[in-house]
Each structure stands twice: as structure tokens, then as C-alpha cells.
Amino acid sequence: MRKTINIASFFALATSIVLGAYGCKDSGASGSTAGTTGTTGSNSTAGGETAGSGGTTGSGRKDPAKDGSDIGEPIKIGLVASQNGDLKPWGDDCVKGANMAVDEINAAGGINGKKVLLLTEDSNSDPVAGKNAASKLVTDGCVGILGEVASGITQQMANVAFDAGLPIVAVGATRTDISDIGSNFFRVCYTDDFQGPVMAKFAYDYLSLRNVAIMTDNKQPYSVGLSDSFRKAFEGYGGKIVDEQKYQSKETQFSSYISNMKSKSPDGVFLSGYFTEVGPIVSQMRAAGLNMPVLGGDGWDSAQLQTSGGQAIVGGFFCNHYNNEEKRPEVQKFLADWKAKYSGVPGTTMGALGYDAAKLLCDAIKRAMDKGGKKSKDISAALEDTSDFAGVSGKVTLKGMKGNPAKRALVVKVTANGTTFEKAYEPEELAK
Amino acid sequence: MKFWGVRGVSILAGLGFAFGLETMVSAGLPNIYRLVVLAGLFITLAVSLNLINGITGQFSIGHAAFYMVGAYSAGFVSNQFYAQQSLGPQLWLVVMMVFGAFMAGISGFVVGLPSLRLRGDYLAIVTLGFGEILRIVVQNIAPLGGAYGMNVKPFGSPPKAIWIVWTLAMVCIAVCRNLLRTAHGLPFLAVREDEVASSAMGVNVPKTKVTSFVIGSAFAGAAGALFALYDTFISPDTFKMDVSFIILTMVVLGGTGSITGSVLAAVALFAIPEWLRTLQDPVTKVAIQIPGPSLVATMLAVIVAVALVKLIQDRFYGDKGKKLGLYVGAVGAGVAVQFLLAALLKGVPQLAKLSFEAAALRMVIFSATLIILMLLRPQGILAHHEFSWAWVSKLFGRRPSEANA
Amino acid sequence: MLHDTLNLVAGLDFSILPQQLVNGLLLGSVYALIALGYTMVYGVLRLINFAHGEVFMLGSYAALFTSWSLGFSPEALAGQDKPSSWINLVLMLVVSMVVCGLIGMAIEFLAYRPMRNQPRIASLITAIGVSLFIQYAGGLFLPQSPPPAISEQVNPYRNEKVTVTLAPPPQDLVVQAKDARAKADQMDKAYEAAKAKGDPTSLESMRQETQAAKNAASNLETQVASKSTGLTVPYGQLGMLLTTLVLMALLWFIVQKTKTGRAMRAVAHDFDSAALMGVNVGRIITITFVIGSALAGAGAMMYATVLRTPLTPFLGVTPGVKAFVAAVLGGIGNIPGAVLGGILMGIVETLVVWLDGVVPGLSGYKDAVAFVVLIAVLLFRPGGLLGSSKVEKV
């Protein structure tokens, strides 16, 4: 019994120091009751255009069974971002961008007089946590969800949003087949079906590479999908993929993969993974004496490339969504606003994409409300109807695109402390 | 007849509790539905590991592997066959639970075999190794979703799961309790106490060991199956070594061998991080900021103080008053360390302005609590004691014989 | 059956085998340095020190901070070249060893010493707690996003390497490659000149030709490299192997030839008798922790500097587990066994990736193979490769 008292006193000591001294107050009333998660009794099809289960609207995709949440006051929209974990640089920029967009809208009087409330949840760069974060936002009564930057996480969030009937606007998820989940899925970035061929064309035409080796991050659906589309396009142009090495996120030693690759003597290497691993890989590649050009997708986009890749990564090429040096008025305004609010320039393109996604969702909410829409499904319909939305990262048209906008892609070159613009590819250019 | 009467009543009470919980949570507290489900699963996992670790004394630290086997086998079969049959979601849950238990039981049999040859730490390492091997194999099988994971969505939307999860937990507790109380359980305890002696007394040691592995892993597999079907997405990362360690921690912290302890520790260890996660404003999502450096300094200071007190307790056998003085000194040293560290950390300019969300601190608080608790009570919260009505009546000052034990 | 095997063997690229073995050896030497800490602590205390991987992690951060204070932080460098000398490397090594030694001592005093008379499983849980605490508390303080890496410029020998040729490449290929490189350099010069002059009409086609010439040259060079059987070992890696050897020799000397070493062996042999014979057990245990942690610190510094690993607070988990397996593989408590186990682990891991060339998808199993080897060894030699399998006393 004395021991028990001992424990109790120490617990009390610890807790009192922790809680008392630092004024951490318990969250009082938890959980808001505004907005419930759809109604089970509602009709199973949206729009009433088609009947029966698995019905589809004009988009040719499956419709969610539920109508989603009511558009209330304030209008709640949710954002899932990787505020912790490997993708933190993206998540942070994305949160900043989305907050900037919402603040702008609220400063201009909100949507039809109603304020917008942005609820942010952390996905910890992990699909499971992302899924739970999305469910949390659904229970919190959000009418639509923004995010994520990574395809693997977005895939889980989209499933949750589909079950709840909420529209989801992905920020940087480029894997093509995510949009097959349902008619509630949209994105503000291009897909890997575009990005892969862009890099293949760049490698074949611009860099005149013929024998390319691929390194794929087997754990990331994004990387697997991008590698596949690159391979297809590059072989289509007449090039040869001499080798493919598969690693997994969070590995740090790549020397054995590199030795394997070296024996196939490629003249270029395509790295479809995220910046977290690309830096070390290239750095270890150079140390092993491989000096060929390296290229990759938008997963490279982070200042971290230079910290972990050092001198080795300088001169590499990757595909990106926009560039801070562009002269378009949207970009200039965005950069000026960013500087005023956060100082500096966004370190990654996810700032601009997060901003675009939030703006697009709010724009769709406004259009839905103008038409008398009251539910999430009306927002989905409005999103489906988007054409020529002028975003920072380019024009977004979603009408008849199954959620995948056709956008321009830029190829940029890595320099010692940033990137420079190298070449732009328009969607029409690749179509031929 | 009385035997069956009591049984019947307890079974009915158990089922009633499970369904009551289901109705209550789904009606009143939809936000914590998931937490209640997971709490039930962790109770099952902790109690089933306790059967292997605490009751039979086989040091297994790869329990997440069985959890994973159950989850993946149920997930795969549900994805393949659910559409082709006409059982309802609830019945399918039960079928899958049994199936998951069966598959995990088989793997438990395989993992249990080395226990015939290895003991102690070596057995622990082999179980850990088996867990990792299974996980990596799953990671490399494309039909199971590979390294990314597998969607398990046979029902469209997640099923009602609380009642079945908690029924499973109660069955698991009942099986373990009855094993301890009846003659069937004595071999298990004998093997834990002394293998050679029990074998000399006629206990079939290999059979006992393997049986405990099979039963323990079967329950973990059943829990895994329910997890897969309820959570709709499973990934190899969900079943990493850390999960095994957390389950092991639950068992040890609760008191090795004590079922009640496992249950309490499972709920506590599961609840602490989840509670800490909610330490932020629910509507605006503006996190309540705690100055991280000071908090960590405090945590370290408490650990220092506790360690010193512990060392004094071990070393000092003399005068009570002096001992008390030493205690005070130790706590004082802890407080001093706290201020020193906090000042030191504040002194570093990069750290001074750092502050963190409570959610980011949860694992720090969790691990510090774990260390402090283990230092203070190495035998676990309940040691080997069990909850019993006799104990409750003693608590209220009555003699045990009066209670209806 | 035989035919299939032969086909498999034929598909293997033996020209890279020596290089892969060296890769494995490098990785293995890091594992061995960590494994020594596990095995020494287990030897004296019968405790699996799960926090050892975290000590390793802190060691790599100590090296990072040392390199920063020596003027190799990203801000100080700002993309410029800065000369370095070997003294910097030695300094980093020493600092990281000292820091790790102190941390090991603190952990022992605060977390394990109070638990000494308690059941071993309780100490084990405390060890897990300490490991989690360091990981997550470290996550609050240590720079981790983006994961920092020690600047390669701190290594003065980064551009020098030893090349050993076992079977030379065809001579004509070498000549071709040389010619191609010369031609590419020439074209590059011409292109740069044209670009400076600003002649836009032919610039694009010229750029393309230059690029093609460069590609051809680098392709030929890679072919030369891959047609020859040989090794390329940068000086840094060579230095790493040497340092590891020196440290191990030092450890051997301490354990076998000094009085402290004898006391350590006595405690490992029989804790209670050693205490009765007048060995100060507490002091010996502290020394063991300090030495084991310092070795991990040395491994961490080299892992971060030479093997170019970006740092995160979770850096220690994977090498920690592998080193632990290595220690068991060699026979836990056995010092030469830990070295053997560590190197074996490194080599097995690399060879699995090498075999991926004939069995596609095998590289995904590289972490599992280590455990398969472990289980196989334990089932046939329950005491590990070099350990003695004692029957537990009744």
C-alpha cells in the first residue's frame, strides 16, 4: 500500500509540474455537434440523372452513396497535410498556402457573406494517419476536404470522402488512378500519365538519352505509377530501359543498388521517388563514380534535395508545376502576398497548389450556393463544372476531365541553392 | 446445475455489456467509436500475449505478427469472396474472425516450435525475427497490396464492430481466467515456474508450450481480422515491431501474469496517447502550445529524481529520518536538474523560441511515464494479483468470507 | 534442376561481386561497431539494451553539430568550397565518441542501475521506454526536417579513390572512351563559346549534339567500368575500415590485457563471484556502457560522414535492430562473435541485392534474409556462431 501512495505522489508531482507550471489547459468541450455525417436515408444516387446502385453522372465515374454534409455557417472546409514526418516541407507549405487563400476570402467578406473556417489535421506523412485525419474532418462537419500532397495518403482520404459523400480536392497527388475512386475526387495538379511522358520526352529529345535505368520507391504508389508511365513513354519513343532497382522509403544505404545499376551501364537514371531518398541516392551514386544525368518527377521538389544531395544533385532535372520566376500576374500576386504574410518565397510548389486547391474549393462552394445548393454533393457537381479557373499554378479545367485537369508541366534544373527553369511542355504537345 | 447457471448469467451479462456499449457509443459518442473498437482490440492482444508471456513464461516479443496474419488473411479472403456469398456483414465478421484466428493459430504453431529448443532471450529474438520476416514477406506480395497496404472494403462502409470486438475481448479474458483457475491451466503455470521440474512431474512441456502459443496467437489473429474489416485499410507499417513492443509493455506494466493488470494497462496505455492527442482546440485546431524544452526538462528531472530515490531505497538500510532526508534531497536534485536544464535549453537561441503542439509531445510523455512507472514498480501495476470480489470487499472493510466469491 | 541452377548462376554479374562485397563490408563494419555495444552490455548485465540504437543516433547528431561548429554548416558554406583537413574528421570522431560515452553512462545510471535487482523483463521494458523517450524527445529538439546531412566537404579526401582492377577492360574500349570524352569536352567548349556570343540559330542543335557527345562519352566510361572486374573504394571508406580495425584492436587490448578488462571478463563470467572477489561491479558496468556507447558513436560518425546518411531522430532504429541481430548471430556476450556477426549481416544484405539481378524482386527481402539466417543459426547452434550453448542451470 505504501508503494501505491509512493506512485500516486510521484504522479501527482509529475502532472502538477507539467500541467500547472506551463498553463496547458485541458480542452473544454470537445467535439462540435454542428453537421452530421450524411443521412443514411437519403437517395443513393446524386443528381437524379441515373438510377440504381453504382449510378454515374456525366463524369463517367461512380457517385458516392451519400449527399455529404450541409453547408452551414461558418462554412467548414478541412485540410489534411503532412505537418510532421518526411513530407513536412510540403505539408507546411500546403497549410500556409491554404490558410492564405481562406484568409483572403474571409477578408473579402467570405462566401456569400458566410465566413469560411479551415480545419487542419495532420497526416504525419502516413496513409493510415491521413485516413483517420480525414474521418475526423468528416465528423467535424466539413463540407469538403483538401489534400494531400502524396498519392498514397490521398488514396485513403479519397476513400473516406467517398463514403461520406464529400468532395475532395487533392493538392499534389499525381498518381493517375486515384481519380477512379469516384465522382467526388478532383485535383489541381497534373497526373503521372502526363508527367511520365514529359520526362521521357525530355530525356529522349532534350538530353538525347537512350539507355536509362529507373529507381523506384516500391512503397509509394506515386513512385510506382510514375515509373510505369515513364517506362511506357520512353520505350514508346524508342529508348531502352536497361535496369530497374526497387528500394523502399526510409532506406538510407543504396550502394548495393547502385553497384547493380552500374553493371548495366545506363547513360541516365530516372528517380521517381520523393526528395527524402533522392538526395542520398544521387550523392551515393556520385561517390561510386556514376556521373550520368539524373532526372525525376515533382517528388523532388524541396530544398532538402540540396541538403542531403549536396553538390551531387546539382544539374539534375525534374518536372514541376510552376516556377517562382514566372511572369504571369497570378504568380506575381501570389508571391507578393506570400512575402507579406510569411516573408520569403514558398520553398516548394505545394504552397501554390495548396492555395489553388483552397481557392478552387471555395469558388465551387460559391457557385454551388449561387445555384441553391445546400449539400456537399452540390459542391462536387460545381467542381465537376469548373472551367478555366485561373490558379497560380496554371489554368484548371475539370469539366469532363474525370477530375484530372490538363496542365502545363515545367522541367527545372537543380542549382546549388534552388532551381532554374529549363523547358516547358504543354498538354497538347505531348498528345501528338 | 449451479455451474451452468452462473455460466449462463455471466455469458448473458457479457453479451449484454457488449451490445450495450455498441448502442451507447454509436448513438451518443460517434467520435470515439474507433477508439472504443481499438481499445477492445488492444485488450485482446495484451491478454493473449499475457497467456504466452506471463502465464506460460515463454518470452515472445513478436505478437504483432499474429495480429498481422489475422488481418491480412481476413482482408484478402473478404476482398475475394465477400461479394460471392450472402452472409450479412455481421455474420461475415464472425466468420472472418474465426478464419483469422485459425490462420494465426497455424502461424503460432510454427513460431511455437522453436520454443521447444530455445529459451529466454534467444526465444524472444526468434519470435521478433519471425514477426519481421512475415511482415517483409507480406510487403513483397503484390496481391496483398505490397509495401503500401491493402484496402479491405467488402461492405462499402465500415461495419458495426464494437459488440463483436468486445465480445472477443471478454472471451479472451474468460479463456485465460478459466485456464488459470482450472486443472487445465496448472501445466502452463508449472512450465513458467520450472520447466525441468514440471517435466519431471509428468507435464507434457512441449505440448503445453505450443498450445499456449497457438491459443495466444489465435486470439491475436481474431483481433487482427476484426481490425482489418473495421479499419478498411491495412498496411505492413501498422504491424511493425513497435506494436509488438507496445503490447509487451502492456503486459509487463500491468504485471506479468495478471489478466486484470493486462486489461488495465492496455486501456491506460492506449488511452494516454489518445488523450494527449486531443489536447488541442477541437474547432479552430489552434494547438495549445507547450514550451517543449521545459517539458522535456521536467520529464528528465522527474526521471532523475525517481532514479535517485530508487537508488537510495536499494542502498540505504539505516535510520528512517536520514532516509527521508535523502528522499527529499533526491527530489530536490530532480527539481534542480529541471531548472538547470530548462535554463540550459532556453539559453540555446534556436531552442528558446521553439514550442510544440501537445500532439507532438504525446510520445515523449508516454515514454517518460513508462520509464517512471517501471522504476517505481518493476513488478507491474498489479504484480501477479487479480481482480476478485474478495478483494473488492476487503477494500470496503468486510471480511472476504462474507462476500459471495 | 541442375540446368536451372546453372542458368541462374549464368545470369549473375560476377564483375560487380567484389564491389558488392566491399559495400557489404562497409555496412557490416558499422553494424559490428554497434553490435559490440549490445554484446558487451549483455555480457555483463544479461540485458538487451534497446536504447543502444538511440545512442548511435545521438552520436551521428554529435558529429553533425561538430561539423557545423567547425564551419561546415549549410549557412556557413552557402554552396561554396571550403578546404578541410583530416583533423576535422578526427575531431568529429572523438566528439561523437565522447558524447555517446557520456550518454551511455547517464542511461545506465538513471534507467538501468535502479533496476538491477529487478526481474530482467522489467529492465527490458525500461530500455524500450528509454529508447522511445530519446527518439521522441530528440524529435522535438534535433533538426530533422529537412533531414540534415553532414556536408561532404568536411571530408578532404572526397575526390580521391583507390581503384583495384582484377580483370582489365578491353583496351580498345578504354581508348574509345578517352577519345569520346575529349571530343565531348571540345564540343562543350565550342557550345559555351557560341552561347556566350549569343548565336541563337544554331544554338539548339549545337546543344543537342554536345549533349549527345557527352552522353556517348559517359556511356562509354560506364561501360569501361562495368566491363572490368574491380573495385572502387573512396579514401573515406578506406579510412573508415582502418578506423574500425584500430578501434577493435583497442577494444581487444582493453578486454584482454588490462586489469579493467580482466574485471569485465570476470563480471561477464559470474556476476556474484566477481563481486565477492573484490571487483567493483558497479564501476565495471559503467565502464562497459561507456566503451560500448563510444564504439557506437564512432560507428555513427562514420555512418553519417562517409556513408552519407541523412539524419533523423529515428536513424538508429534499423541499424540498431540489425546490429542486435548480428550480436545474437555471433553469440551474444561474445566480442569476436559480434564483429563476425556484424560483418556477416552487412555482406548478406548486400549479396541479396546483388542476387536481385537473377531473381527479380529478391532485393525486397534483404531485411528478412538477415532474420532467416539468424533463425537458421539459432536452431542449429542455439548459442550463436561463436557462442557456447550452455544448458540453463536448474
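Let me start at one residue pair. Asn320 of chain A stands opposite Leu410(A), which sits in strand β13(A). A word of caution before I go on: this is a predicted model.

Asn320(A) belongs to strand β10 of chain A, residues 317–320. Four bridges tie β10(A) to β13(A), residues 409–415, and the two run antiparallel. β10(A) also pairs with strand β9 of chain A, residues 294–296. That pairing has two bridges and is parallel. There, Leu295(A) stands opposite Phe317(A) of β10(A). How does the chain get from β9(A) to β10(A), and with which hand? It crosses through helix α9 of chain A, residues 304–309, and the β-α-β crossover is right-handed.

Phe317(A) and Cys319(A) lie on one side. Phe318(A) and Asn320(A) lie on the other. All four are buried, so both faces are covered, given that a residue counts as buried when 20 or more other C-beta atoms lie within 10 Å of its own.

Next, strand β2 of chain A, residues 116–122. Seven of its seven residues are buried, so the strand is largely enclosed by the rest of the structure. Look at the side chains by direction. Val116(A), Leu118(A), Thr120(A) and Asp122(A) point one way. Leu117(A), Leu119(A) and Glu121(A) point the other way. Note Asp122(A) and Glu121(A) in those two sets; they are buried too.

The partner here is strand β1 of chain A, residues 75–81. Seven bridges join β1(A) to β2(A), and the strands run parallel. Ile75(A) stands opposite Val116(A).

Gly373(A) is in the loop between α11(A), residues 350–370, and α12(A), residues 376–384. Is Gly373(A) buried, partly exposed or exposed? It has 19 C-beta neighbours inside 10 Å, so it counts as partly exposed. The cut-off for buried is 20. Leaving out residues up to four places away in sequence, Gly373(A) touches Ala368(A), Asp378(A), Ile379(A) and Ala382(A). Then there is Asp70(A). Gly373(A) and Asp70(A) are 303 residues apart along the chain, yet their C-alpha atoms are separated by 9.3 Å.

One helix check in chain A. Helix α10(A), residues 329–342, has 14 residues and should span 20 Å at 1.5 Å a residue; its end C-alpha atoms are 20 Å apart, which agrees. After α10(A) comes Ser343(A), with a positive phi near 65 degrees.

Stepping back to chain A as a whole. It has 13 helices and 14 strands. Of its 432 residues, 60% are buried. Take contacts between residues at least 6 apart in sequence: 70% of them join residues at least 24 apart.

Chain B next. Its secondary structure is 16 helices and four strands. Buried residues make up 51% of its 405 residues. Of the contacts in chain B with a separation of 6 or more, 82% are between residues 24 or more positions apart. Chain B is divided into domain 1, residues 6–277, and domain 2, residues 292–354. The C-alpha centres of these two domains of chain B lie 39 Å apart.

Now the interface of chain B with chain C. Here 41 residues of chain B contact 37 residues of chain C. Which elements of chain B give two or more residues to this side? They are α5(B), 120–139; α10(B), 241–254; α12(B), 292–315; and α15(B), 358–376. The largest share comes from α5(B), with 10 residues. By class, this side of chain B has 28 nonpolar, seven polar and six charged residues.

Last, chain C itself. Domain 1 of chain C takes in 14–160 and 233–380, while domain 2 is 169–227. Their C-alpha centres lie 44 Å apart. Helix α12(C), residues 281–305, has 25 residues. From first C-alpha to last, α12(C) reaches 36 Å, close to the 36 Å expected at 1.5 Å a residue. How much of α12(C) is buried? 20 of its 25 residues are, so α12(C) is mostly covered, by the cut-off of 20 or more C-beta atoms within 10 Å.

That's the tour. Questions, please.

How values were computed
Residues are numbered from 1 along each chain as its sequence is written. Chains are lettered from A and ligands numbered from 1 in the order in which they are written. This is a predicted model: local features need pLDDT of at least 70, side-chain atom pairs count only at pLDDT 80 or more; totals for chains, interfaces and linings use all residues. Domain bounds come from an automatic or database domain assignment. A residue is buried if 20 or more other C-beta atoms lie within 10 Å of its own, exposed if 12 or fewer, and partly exposed in between; C-beta atoms are placed from the backbone. Two residues are in contact if their C-beta atoms, placed from the backbone, lie within 7 Å. Ala, Val, Leu, Ile, Met, Phe, Trp, Tyr, Cys and Pro count as nonpolar, Asp, Glu, Lys and Arg as charged, and the others, Gly among them, as polar. The expected span of a helix is 1.5 Å times one less than its number of residues. Two strands pair if DSSP finds at least two bridges between them. A crossover is right-handed if, with the strands pointing away from the viewer, the path from the first strand over the helix to the second runs clockwise.
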